[in-house]
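Trainee: Could we take a close look at one part of this model together? I'd like to hear how its packing is put together.

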Amino acid sequence: MSKTSSTNNSVIQPQSSPSDQSLSVHPSNVIEPSVAKRICFYKSGDPQFNGIKMVVNSRSFRSFDALLDNLSKKVPLPFGVRNITTPRGVHNINNLEDLEDGKSYICSQQKKIKPINLEVARRKPLPWQISRPISARRKAVQLTRESKGSMFQRGSTMRLSTPKKLLVFRNGNAKIWCRVVLDKKNTQNFEAFLDHISELMQYSVLKLYTTDGRKVSNLQGLILCSGAVVAAGREPFKAGNYDPR
């Protein structure tokens, strides 16, 4: 009797590896980058205003009101910036999205604006082209400086026409003084005049000052002085009651 061997065929289910398993992908929130707009803002009715260049995006300004507040600090308007329009005032800007990159806009404190010529406003004047009104006080100071400069300018050719009496005080001691008569002989050379004063004052005179402390460095200043000078050596000027009267 033949035995028939029965073979038990077992079905093996294939196991999938982790790499074969399909992964479920969840959509992520994609943040769009903030677009930066380069804008130039001008002042209503003022072509001399050079304009404010700014970079506007949602990061620097959270709202349109924040932009207005920032512009109010930079554009000189009595009540601040309350309105932004296109250069000719045709369209009002009400939110940040209305601004276009590279464009120019007008700032005003009211809805009605005064258009300006942007070509003129964009021309920034050079420093020496800016004229400022000179006040009376400033003009007087300039005239005083010019007169002082001309009085003590080196290289002068002024000559003494008539003799002039001059009081010479010792620096720091108004009680010591001498009287000198300036004439054509002793005003030929400034260094020679200093030597002459040194002999009269009995000490080395190297510098002369006016009674208010301005240095007299040449014959012109000596001739134009008020009638009294202070003789000093190497020491600086010392204030005192140098009254020629």
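Leaving aside its neighbours within four places in sequence, which residues is Leu71 in contact with?

Mentor: Before the packing, a word on what we have: this is a predicted model, where local features need pLDDT of at least 70, side-chain atom pairs count only at pLDDT 80 or more, and totals for chains, interfaces and linings use all residues. Residues are numbered from 1 along each chain as its sequence is written, and side-chain values use heavy atoms, with hydrogens and water left out.

Now your residue. Once neighbours within four places in sequence are set aside, Leu71 is in contact with Phe41, Met54, Val81, Ile84 and Cys107 (contact means heavy atoms within 4.5 Å).

Let's step out to the core. The largest nonpolar core has 20 residues, and Leu71 is among those with the most contacts inside it, along with Phe41, Val56, Leu67, Val81, Ile84 and Leu99. By nonpolar core I mean a set of buried Ala, Val, Leu, Ile, Met, Phe, Trp, Tyr and Cys residues joined through side-chain atoms within 4.5 Å; buried is under 20% relative accessible area, exposed is over 50%, and partly exposed lies in between (1.4 Å probe, protein chains only). The elements giving two or more residues to this core are β1 (37-43), β2 (52-56), α1 (64-72) and β5 (104-108). Of these, α1 provides the largest share, four residues. Helices (H or I, at least four residues) and strands (E, at least two) are DSSP runs here, numbered from the N terminus. As a rule, in soluble globular proteins, nonpolar side chains tend to be buried together. There's also a second, separate core of 19 residues, which includes Cys178, Phe190, Ile197 and Val229.

Asn83 is found in strand β3 (residues 83-85) and is buried, with a relative accessible area of 9%. Its side chain reaches the backbone oxygen of Lys111 at 3.3 Å, a polar contact (a pair of N or O atoms within 3.5 Å; within protein, one must be able to donate a hydrogen and the other to accept it, and residues adjacent in sequence count only if both atoms are side-chain atoms). Not counting residues up to four places away in sequence, Asn83 touches several residues, including Ile106, Cys107 and Ser108.

Lys43 counts as buried because its relative accessibility is 16%.
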